Amino acid sequence: MSHSPNIRYIVKAGGRLQGSVRVAGDKSMSHRSIMLGALADGITRVTGFLEGEDSLNTLKAFRAMGVEISDPDNGKVTIKGVGLRGLKAPKSPLDMGNSGTAMRLMCGILAGQDFDSTLIGDASLSKRPMKRVTAPLALMGARVDSQGEKGLPPLVIHGGAGLMGVEYELPMASAQVKSCVLLAGLYAEGTTTVTEPAPTRDHTERMLRGFGYDVQTVGNQMSLVGGGKLTATDIDVPADISSAAFFMVAASIASNSDITLLHVGINPTRTGVIDILRLMGADITLTNEKEVGGEPVADIRVRSAHLKGISIPEKLVPLAIDEFPVLFVAAACAQGRTVLTGAEELRVKESDRIAVMANALQSMGILAVPTEDGCIIEGGQLIASAAPIDSHGDHRIAMASAVAALRVASGEVVIADCANVNTSFPGFVELSAGLGLAIVQEVAA
Ligand code: S3P
């Protein structure tokens with residue numbers, strides 16, 4: 001989890017935000033663009049690709065399996081697809097770094113190959129549960145070895161299993177598990193059907209269709225028939241709403257702020273953060289709405305607002321799953337109490353985001369009471385914590401804590417272990433500075 005040398009952020013209390021920016025490319029779509037581009041017949045050209053560590057690890061993994069992929073240049077990447085059956089056995093374990101998405105989706109693809117492979121990750125990823133993907137893959141006939149009860153990485157995937165289609169009911173609302181099973185389904189005999197308990201991001205389904213693969217969605221069921229082929233296409237990756245969310249909250253909580261976030265993906269399975277902030281009283285307007293390559297995008301204008309505490313509707317939780325660290329900050333700055341329930345998945349993200357964010361807010365003087373599946377947060381005055389805030393190497397905790405500084409009474413907020421911001425949002429510090437949130441980065445001893 002920790003990179004060496006490590007970085008800490010020092011953020012002066014207060015400030016306001018003004019201006020327009022395009023934040024980093026969407027991480028979910030960037031991973032998928034490499035995966036499907038590599039497995040397609042023909043050349044796929046991607047623009048807006050996220051040059052963050054997570055998606056770069058996915059890119060390297062496919063290179064290690066013989067796929068020619070250009071070095072990303074200003075978000076442009078060209079992939080010479082090898083077809084669904086064209087990957088070659090990697091010579092060493094594939095390192096997915098910090099990324100649960102990469103490991104879980106790759107597991108589905110690799111289960112369908114005729115060679116053996118091994119997936120490894122960093123300290124954080126090595127503690128994340130993989131049984132949620134190995135269980136359905138086993139039902140399809142895959143042979144994947146993992147470690148211990150929870151099925152932890154490393155994952156050893158035995159090739160040549162000969163997969164069978166499956167009807168699988170997801171035990172949790174997880175786009176990663178859904179995607180893993182559907183990707184394995186490309187290699188399976190017959191139909192693979194996944195039923196989800198609540199809507200989750202549907203980029204895999206949309207992108208598969210963009211590559212000419214028929215995916216049927218009926219209500220909460222998605223299915224495809226194995227044995228088809230993917231045809232190369234061009235992909236325009238919009239800005240990541242999960243990265244935009246930091247500035248949406250920042251401009252809402254800071255006084256005299258008015259910002260516009262450009263060309264942000266607003267797929268309805270990702271816009272829970274907008275709905276939740278609006279319920280809290282945020283001033284958010286969407287303009288320039290259009291569809292680009294099968295995904296809706298818009299410019300998002302956000303102005304300062306007096307936020308109020310709410311009970312977050314549980315149906316919005318999977319649609320805002322990555323935005324809770326910064327939504328906790330919004331709740332801390334709101335008037336009254338915010339109650340989050342039905343969010344136990346936050347406990348198995350890059351860190352236990354319920355515990356880690358509750359701690360961070362408590363150290364800034366806020367009453368935040370973690371519960372098994374959420375948190376109760378009383379809005380109040382934030383103060384500079386005596387000790388540095390420990391992000392636990394979690395990129396989104398680090399960025400959310402930096403945003404909190406905008407409403408700290410005086411002094412400065414120091415945040416430890418911030419190197420992993422590069423996994424999802426390279427350029428966060430520079431873009432923040434452009435909008436008026438000055439973060440000093442220091443190499444920690
Ligand atoms: C992702 C799905 C989500 C999300 C992750 C990206 C994806 O995870 O937290 O950052 O790209 O499919 P779950 O589907 O496990 O909730």
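Trainee: How do helix α1 and helix α3 pack, and at what angle?

Mentor: Helix α1 (residues 27-39) packs with helix α3 (residues 100-111) at an angle of about 20°, and the axes are 11 Å apart. Axes here are lines fitted to C-alpha atoms, for helices over the stretch in contact, with angles from 0 to 180 degrees between N-to-C directions. Helices are DSSP runs (H or I, at least four residues), numbered from the N terminus.

Trainee: What kind of model is this?

Mentor: It's a predicted model, where local features need pLDDT of at least 70 and side-chain atom pairs count only at pLDDT 80 or more, while totals for chains, interfaces and linings use all residues. Residues are numbered from 1 along each chain as its sequence is written, and side-chain values use heavy atoms, with hydrogens and water left out.

Trainee: Back to α1 and α3: roughly parallel or roughly antiparallel?

Mentor: Roughly parallel; that label is for angles under 35 degrees.

Trainee: Which residues make the contact?

Mentor: From α1, His 31, Arg 32, Met 35 and Leu 39; from α3, Thr 101, Ala 102, Leu 105, Met 106 and Ile 109. Contact means heavy atoms within 4.5 Å.

Trainee: New topic. How many aromatic pairs are there?

Mentor: The count is 5 aromatic pairs. Rings of Phe, Tyr and Trp (its six-membered ring) pair if their centres lie within 6.5 Å; planes under 30 degrees apart count as stacked, over 60 as edge-to-face and the rest as tilted.

Trainee: Why is the pair of Phe 247 and Phe 428 stacked?

Mentor: Their ring centres are 5.9 Å apart and the planes are at 25°, so the pair counts as stacked. The pair also links distant parts of the chain, 181 residues apart: Phe 247 is in helix α7 (residues 241-253) and Phe 428 in helix α13 (residues 428-435).

Trainee: Is Phe 247 buried or exposed?

Mentor: Buried, with a relative accessible area of 0%, and Phe 428 is buried too, at 1%. Buried means under 20% relative accessible area, exposed over 50%, partly exposed in between (1.4 Å probe, protein chains only).

Trainee: Which residues do the ring pairs link into a cluster?

Mentor: Tyr 9, Phe 246, Phe 247, Phe 425 and Phe 428.

Trainee: And what does Ala 175 touch?

Mentor: Not counting residues up to four places away in sequence, Ala 175 touches Arg 32, Thr 200 and Arg 201. Ala 175 is found in helix α5 (residues 175-185) and is buried, with a relative accessible area of 9%.

Definitions and conventions:
Helix = DSSP H or I, 4+ residues; strand = E, 2+ residues; numbered from the N terminus. Parallel < 35°, antiparallel > 145°, perpendicular 65-115°, else oblique.
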